[in-house]
Amino acid sequence: MTTIAVTGHMDLTGDTIPLVRAALDDLLMPYADGGDLVGVSCIATGADSLFAEAVLAAGGRLTVVLPSRDYRRTKVKPDHAALFDRLAEAADEVLVLPNDTADRHAYEAANAVLLQRADRLVAVWNGEPPSGKGGGTADTVLEAQAAGIPVDVVWPAGATRRSAE
């Protein structure tokens, strides 16, 4: 069994979403239908949900890690709620961390759980360095590398972020 966790940008542009999804499908293809794949995701909008969908499409099992008890209520926007709920329902396991509030501490704790469970990390990441706030994609990549966890970076040609526009 291979457990692959995901970290990645939430603010992918509309044109980037199908590029990333195709790249994730290609990356997960070797695990398809073997029953040996477990994907671990926080199922946030963007990279996390695209990865979770790709894991399920490949015949894998999904583990969802929610950073806090209030995450669904306070952080999931209406345009992401249906997909979030569908992915949570499809998950074999939903782990809700014992944080009351979805804040930077909760995100760092969720990322630590992702890395504890991961044999590999997929990073939907444009390669930019950490912001200095902590808990972001670049921080998680650096933590994985420091722990000796192999990292597969997914950033297809032409991919962009909304914040970069």
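Student: In which sense do strand β2 and β3 pair, and over how many bridges?

Tutor: Two strands pair if DSSP finds at least two bridges between them. In this predicted model, strand β2 (residues 37–41) and β3 are parallel, with 4 bridges. Ser 41 is opposite Val 64 in β3. Local features need pLDDT of at least 70, side-chain atom pairs count only at pLDDT 80 or more, and totals for chains, interfaces and linings use all residues. Residues are numbered from 1 along each chain as its sequence is written, and side-chain values use heavy atoms, with hydrogens and water left out.

Student: How many residues of α2 are buried?

Tutor: Buried means under 20% relative accessible area (1.4 Å probe, protein chains only). In α2, 8 of the 11 residues are buried, so the helix is largely enclosed by the rest of the structure. Among them are Leu 50, Phe 51 and Val 55. The buried residues of α2 pack against several elements, including β1 (2–8) and α1 (16–28).

Student: At what angle do α2 and α4 pack?

Tutor: Two packed helices are described by the angle between their axes and the distance between the axes. Helix α2 (residues 47–57) and helix α4 (residues 78–90) make an angle of about 40°, and their axes are 11 Å apart.

Student: Which residues of α2 meet α4?

Tutor: Contact means heavy atoms within 4.5 Å. Ser 49, Ala 52, Glu 53 and Leu 56 in α2 meet residues of α4, including His 80 and Arg 86.

Key. Axes are lines fitted to C-alpha atoms, for helices over the stretch in contact, and angles run from 0 to 180 degrees between N-to-C directions. Helices (H or I, at least four residues) and strands (E, at least two) are DSSP runs, numbered from the N terminus. Buried means under 20% relative accessible area, exposed over 50%, partly exposed in between (1.4 Å probe, protein chains only).
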